[in-house]
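Below are some notes for a colleague who is opening this entry for the first time. Please keep the structure in view while reading.

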Amino acid sequence: MTSTYARLDTVFLFSRFSVAKYSPLWPCSLSSSGIHLRTKSNSRLRSVTASSSSSSPSGPIVAGSESIEIKSLPTKPIEGQKTGTSGLRKKVKVFMQDNYLANWIQALFNSLPLEDYKDATLVLGGDGRYFNKEASQIIIKIAAGNGVGKILVGQEGILSTPAVSAVIRKRKANGGFIMSASHNPGGPEYDWGIKFNYSSGQPAPESITDKIYGNTLSISEIKVAEIPDINLSHVGVTKYGNFSVEVIDPVSDYLELMEDVFDFDLIRGLLSRSDFGFMFDAMHAVTGAYAKPIFVDNLGAKPDSISNGVPLEDFGHGHPDPNLTYAKDLVDVMYRDDGPDFGAASDGDGDRNMVLGNKFFVTPSDSVAIIAANAQEAIPYFRAGPKGLARSMPTSGALDRVAEKLKLPFFEVPTGWKFFGNLMDAGKLSICGEESFGTGSDHIREKDGIWAVLAWLSILAHRNKDKKPGEKLVSVADVVKEYWAAYGRNFFSRYDYEECESEGANKMIEYLRDIVSKSKGGESYGNYVLQFADDFSYTDPVDGSVASKQGVRFVFTDGSRIIFRLSGTGSAGATVRIYIEQFEPAVSKHDVDAQIALKPLIDLALSVSKLKEFTGREKPTVIT
């Protein structure tokens, strides 16, 4: 048996981060039965923190042996490795089972054309959560065993999801692995995840994820290179024969892209004002590694404007989901009388965002519409105007109205960022968003939390660029209310019922599908008249692929909508999501609280679905 050991009980200082490691040895062993991790149950969690030390972005080249030995390790299929909308997500303990991760990675290589990985460059990074470092070593060894030429890996395994997409595109890599369970909790008892992005930086399409799942059901061997663990703490290149691993600065490529997209001088002018308060909550997640270099070092924000800015493997025992429930620290500050003018938060892997003004919450549906409406005048990247706009089906129709006014092509797609990628690659789409706090553009092929924050800062900076000291600044609330006055307000709310029993949740959806199959336009639902009801299906206008059963919709003649979906982003049970929307053109009614305005529709949704009867739930886990 050959063993390699990753020492995690020392402290490294390096260019952007320092990593405090307290756990004992984690043996990563290769044997005739596969890949094994032996861990101690009392291992303590590690943190990634900003470091003042600096070094050259290009480190030393470490040469290994001239050739590497490839071992073929026998394995057997493991049940339950079908990916959801954002990769494979399970509890950490599941991934730490012998060969669980290794099987999926090998199944991925078995699913790709040889030219997509043989002697090619792939990117590897993640959100810093528990188990990422151990997983990195497994992925690197299997990549080498399958003939990959080079791995570009973020220092300490850190790369936000948007940064992975940016690095793939800039360095013309063939694809990349993202180690993240996104906005789900991290730590030994919680969640871990893995997904693969293709050469334009977009999540792998269902045609590939379906093949991966098929191959997990028949896998019999894992190809592993017998090389030592790679030191991920220092920027530089390590070579073993024709295979190399380059540890890269996780921030620099992404920062360079943001400087190309936005007018940093304009934003700097806003953040440097004494009468403008700014706060960014990194939620102890991956954007903590990006917040100081971008907002403080480059844009002049005050150092204390970054909250929870130290990435932790368990996100500080928090739930890194930027919404009104889980980002309570930020919400409490923003709703004080003396709170900042602008606040934002991002999630575990940095692709989601929440935007707040002082005592004012911007819904994600409104946020993407407002960015689109102001992009051409406020953001240099869109100086020629957006090519097209798109939203996920459950997202409110606010963006539709912007597309209509600007005479832009518009697309409604299923939930899942991969559905936007084809449209972007075909030159049909520039700005898009999801109601689940995801916003982005065609600068990369993932949603992008920091991009959305910079977009909002650009809008505010543009609107306030001629304001003299002492003059009242245009606020977040002003921007939103002016938008409502011009386009009307789409009252919108989402009710999340997390970790429901899967059997009851699935029965509820089947019950709703049965209602839909028998429904007819003109039927009365309380005070609402049904226009149509269906189970949303999407045909991709670029490649003709079809995605069916994407959410049960009840659309009424006044434009109101009720939508029911089961989320595919959790790791346990089922999350039932109910989306409620009502359009209001009258300015006099725009300041009504959304929950009050939507109460008749909310009551109707709960009644029609029989949610309590099927799930046993009295109230939602989260209301957005």
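1. Overall make-up. This is a predicted model. The protein chain holds 18 helices and 34 strands. Of its 624 residues, 61% count as buried. The accessible surface of the chain is about 23400 Å², and carbon and sulfur atoms account for 49% of that area.

2. Contacts along the chain. Take the contacts in the protein chain between residues at least 6 apart in sequence: 73% of them join residues at least 24 apart.

3. Helix α5. This helix covers residues 206–216, and its buried residues are I208, T209, I212 and T216. Viewed down the axis of α5, these buried residues fall within an arc of 95°, so they line one face of the helix. Which helix do the buried residues of α5 pack against? The partner is α2, residues 100–111.

4. Residue N103. This residue is found in helix α2. Is N103 buried or exposed? Its relative accessibility is 0%, and because buried means under 20%, N103 counts as buried. Leaving aside neighbours within four places in sequence, N103 is in contact with T75, K76, P77, I78 and Q81, and also with I219 and I222.

5. Helix α13. Residues 449–464 form this helix of 16 residues. From its first C-alpha to its last, α13 reaches 23 Å, which is close to the 22 Å expected at 1.5 Å a residue. The helix is mostly covered, with 15 of its 16 residues buried. What lies at the start of α13? There, a side-chain oxygen of D448 comes to within 3.4 Å of the backbone nitrogen of I450.

6. Strand β10. The strand runs over residues 121–126, and five of its six residues are buried, so β10 is largely enclosed by the rest of the structure. How many bridges join β10 to strand β11? There are five, and the two strands run parallel. Strand β11 covers residues 150–158. Within this pairing, T121 stands opposite K150 in β11.

7. Points to check in the viewer. For the helices, look at the face of α5 lined by its buried residues and at α2, against which those residues pack. For the start of α13, display the side chain of D448 together with the backbone nitrogen of I450.

How values were computed. Residues are numbered from 1 along each chain as its sequence is written. This is a predicted model: local features need pLDDT of at least 70, side-chain atom pairs count only at pLDDT 80 or more; totals for chains, interfaces and linings use all residues. Side-chain values use heavy atoms; hydrogens and water are left out. Buried means under 20% relative accessible area, exposed over 50%, partly exposed in between (1.4 Å probe, protein chains only). Helices (H or I, at least four residues) and strands (E, at least two) are DSSP runs, numbered from the N terminus. The arc is that of the directions from the helix axis to the C-beta atoms. Contact means heavy atoms within 4.5 Å. The expected span of a helix is 1.5 Å times one less than its number of residues. A polar contact is a pair of N or O atoms within 3.5 Å; within protein, one must be able to donate a hydrogen and the other to accept it, and residues adjacent in sequence count only if both atoms are side-chain atoms. Accessible areas come from the Shrake-Rupley method with a 1.4 Å probe; for residues, only the protein chains shown count as cover. Two strands pair if DSSP finds at least two bridges between them.
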